[in-house]
Amino acid sequence: MITVLAFIVGLMYAAGIYLVLRRSLVKLIIGLIILGNGANLLIFILGGITKGHPPVIGSDELTLGEIYADPLPQALILTAIVIGFGLQAFAMVLLQREYVLGGVEDLDSLKDEDEDEL
Amino acid sequence: MTNDLILLPIIIQAINALVLLFLWNRIHLQRRISIFGNTLGLAVAFFLFLSVYQNGIQVTQAGNWEAPFGITFVVDLFSASMILIASLSGLAVSVFASGSMSRRRSMFVFFPIFHFLMMGILGSFMAGDLFNLYVWFEMIIIASFGLITFGGGRRQLEGALKYVTLNLLASILFITAIAFIYGMTGTLNMADIATKIHEIENKELVSISALLFFVGLGIKTAVFPLYFWLPASYHTPLSAISAIFGGLLTKVGVYTMLRIFSLFFLPDPFMSSVITIVAIFTLLAGAMGAMIQNDLRKMFSWMIVCHIGFMIAGLGMYSAVAIAGAVFYLFHDIIVKTNLFMVSGLIHRITGSFKLKKLGGLYERHPAKTLLIAIPLFSLVGIPPLSGFWPKLLLINGGIETGNHFAILAILIASFVTLFAIGKVWVEVFWKTPPNKPFRKHFYSFYDLRKVQKVGFILPIAALAAVSLFLGLGAGWVYDICEQIAIDLMEPEKYIEVILTGNK
C-alpha cells in the first residue's frame, strides 16, 4: 500500500511541476492545486500507514494498548487542506481578474512593462 | 520561564484587526485605532524585550499541553528583539498609511488586512512548532496577497500574479520539508526535533530536507536564483504597502532560516558551502540589478535582494561574529528598508514621479527634508558611524575568521555598488535641476495636503531615521545583544532545555 501511495505522490509532484511550468494560466492553477494535494498526501504517508485502531484510550485503561493510527498527520492535513483551499480560491479569482482586465492567457505575454506615468 | 503574557503582541494585533473589520467605512476612526493599537503593541513589545533581556527565555504551551505534545510559543532574545523592531516599523507604517493614503473606497480594508499581516509576522517570530510556523506563514501570505492586489489595477494584478504563484510554490516546498522532518523524527516541536535529528542515520535524507527548507524559505527570502518575483512585484503597490513588504516580509524568511538552520542542520560543511555560494551570487546579482534601474522603487527592490545576501552570508560562515553581524544587519535592514519605501512615497508625493529622469532639485527646494532623507540613504550604504557600517564590519571579520575570502569580496563589491546606486539617487533626485513638471489633473501634490497629513508623511520617516541613528551610534550596546543572540543560536542547548523541561 505504502509503495503505491509513494508512487502516486511522486506522480502528483511531477504532474504539478510540469503544469506549473506550462504557459497557460489555467494550467498554472491546476498545477498548484495538484502540488498542494500531493504535499498533503505526502504528510499522510510519512505519518506511517498502519492498520490499527483509532487512538482512543478506553475508560478503564491508562495508555494505548494496541496498534493505533497516528492522529497528528490527519490533523495537519485537515489544516493544510483548509488553508490550501483558501489560497487556491484567491489565486483563481486573481487569475480570472487578470484574464478579464489584461486579456492575458499566455504567461509569456506578461511583461514587466515600464509604466510612464504614476 | 512560563509566561502566558508573551502572547499579548499577537492578541493585540488580532483584536485590532477584528475591531477594524467592523468599522468598515469609518476611515478616521480606523486610522486612530490602528495607530493606537500599534502604539500599544510597541509598548508591550518593549516590555517583553526588557523582561526577556533580564529573565531569559520565556515559554508558553497552548492549552497547557506539555512540550513536545502541545503547541509551543517561545520568546528568546532573538524573537523578542525581532518583535520589538517589527512593532516599531509596524507603527511607522501605520502612521505613514494614515497620512499618505487617500480616502478612496479601496482604503476601507487596508487597516484590517495590515493588522492581520502584522499578527502573522509577530506570530512567526514566536512559533516553537514547525507546523504552527507554517500556519503563521500562510497567514502572512494570504494577508500580503490582499495587500499586493490592493487597488486592483492592471499593474498591481500582474505583479500580484508572480508574487502569488511563487509564494504558493514556496509554501508547498516548505510543507514538504516539514513532512520529511515529521516522517524522520515523529515530532513537530522545534526543540524536540533539534535533539532527535542528530540521531538519524539516514544523513542524506536530512540533507534533502535541509535543501527543501532552503529552497522553500529561499523563495520567500528572495535569494539567488529564486528572487525574480520580488523586483517584478514590489514596485507596484502603494508606498505604505511596499514599505511593510520591503521592511518585513523577506526578513521573516531570514529570521526563520537563521532559526531553523542553526537549530537543525548546522554546522554541516555541505549546507554551509551551499548557503555561502548562494549568498555570494545573491549579493552580486542584486547589486547588478540595482545599478541599472532608473525607477526609484525598482532600485530599492533590487537592493532588498542584494542585502539579503549579507544576512545569508553570515549564516553560511557560521561563526559567532558572523552570525552576530547577520542579526545586526537584520535589525538595521528592517528599519532602513521600511524607511526607504516611505521615502520613495514622500518623493513621489512631492514631485509626482518615481522615475529618476523626471526627478530633481529636491535639495534646492527642500533642504530640511533632504537632510532627513540623507540619514536612511547613507545608513543603507553603511557610511560610519551610521547603522549599516557595523554589521558589515562584523561580517567581514567573520569572513576573515572562517576564511571565506570570496564572501568578503562579494560583500565589498555589493557595498560599493550600493554606494554607487545611492550616489546616483543623490545626484538625480536631489542635485540635478528638475525637468519641467507636466501638469497632472488629479494629482494632489505635497503642498496641497493638510497639516496633519504632512505630519503623517514626515513623522514616521523621522522616527525610523532616529532609530537608524540609534542603531549606528549605540552600536556597542546593540552588538552586545547581537553577540548574545549569536551565542544562543549556535549553542541551542538552553533553548531546548527551557522548552522541553519548562523550568528556567
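**View 1. Helices H12 and H13 of chain B in this predicted model are roughly antiparallel to each other.** The axes of helix H12 (residues 296–317) and helix H13 (residues 320–351) of chain B come within 9 Å and cross at roughly 175°, where axes are lines fitted to C-alpha atoms, for helices over the stretch in contact, and angles run from 0 to 180 degrees between N-to-C directions. Angles under 35 degrees count as roughly parallel, over 145 as roughly antiparallel, 65 to 115 as roughly perpendicular and the rest as oblique. Helices (H or I, at least four residues) and strands (E, at least two) are DSSP runs, numbered from the N terminus. The residues that make the contact include B:Phe300, B:Ile304 and B:Phe310 of H12(B), together with B:Tyr329, B:Leu330 and B:Phe341 of H13(B), two residues being in contact if their C-beta atoms, placed from the backbone, lie within 7 Å. By class, the contact of H12(B) with H13(B) has 15 nonpolar, 4 polar and 3 charged residues, where Ala, Val, Leu, Ile, Met, Phe, Trp, Tyr, Cys and Pro count as nonpolar, Asp, Glu, Lys and Arg as charged, and the others, Gly among them, as polar.

**View 2. B:Phe331 is found in helix H13 of chain B.** B:Phe331 counts as buried because it has 23 C-beta neighbours inside 10 Å (buried: 20 or more other C-beta atoms within 10 Å of its own; exposed: 12 or fewer; partly exposed: in between; C-beta atoms are placed from the backbone). Leaving aside residues up to four places away in sequence, B:Phe331 touches B:Ser81, B:Ile85 and B:Leu471. The C-alpha atoms of B:Phe331 and B:Ser387, which lie 56 residues apart along the chain, are separated by 9.5 Å.

**View 3. Chain B meets chain A through 25 residues of chain B and 27 residues of chain A.** On the side of chain B that touches chain A, the elements that give two or more residues are helix H5 (130–148) and helix H6 (154–185) of chain B, and the largest share, 17 residues, comes from H6(B). By class, this side of chain B has 17 nonpolar, 4 polar and 4 charged residues.

**View 4. Chain A has 3 helices and 0 strands.** Of the 118 residues of chain A, 24% count as buried, and among its contacts between residues at least 6 apart in sequence, 52% join residues at least 24 apart.

**Notes to all views.** Residues are numbered from 1 along each chain as its sequence is written, while chains are lettered from A and ligands numbered from 1 in the order in which they are written. Because the model is predicted, local features need pLDDT of at least 70 and side-chain atom pairs count only at pLDDT 80 or more, whereas totals for chains, interfaces and linings use all residues.
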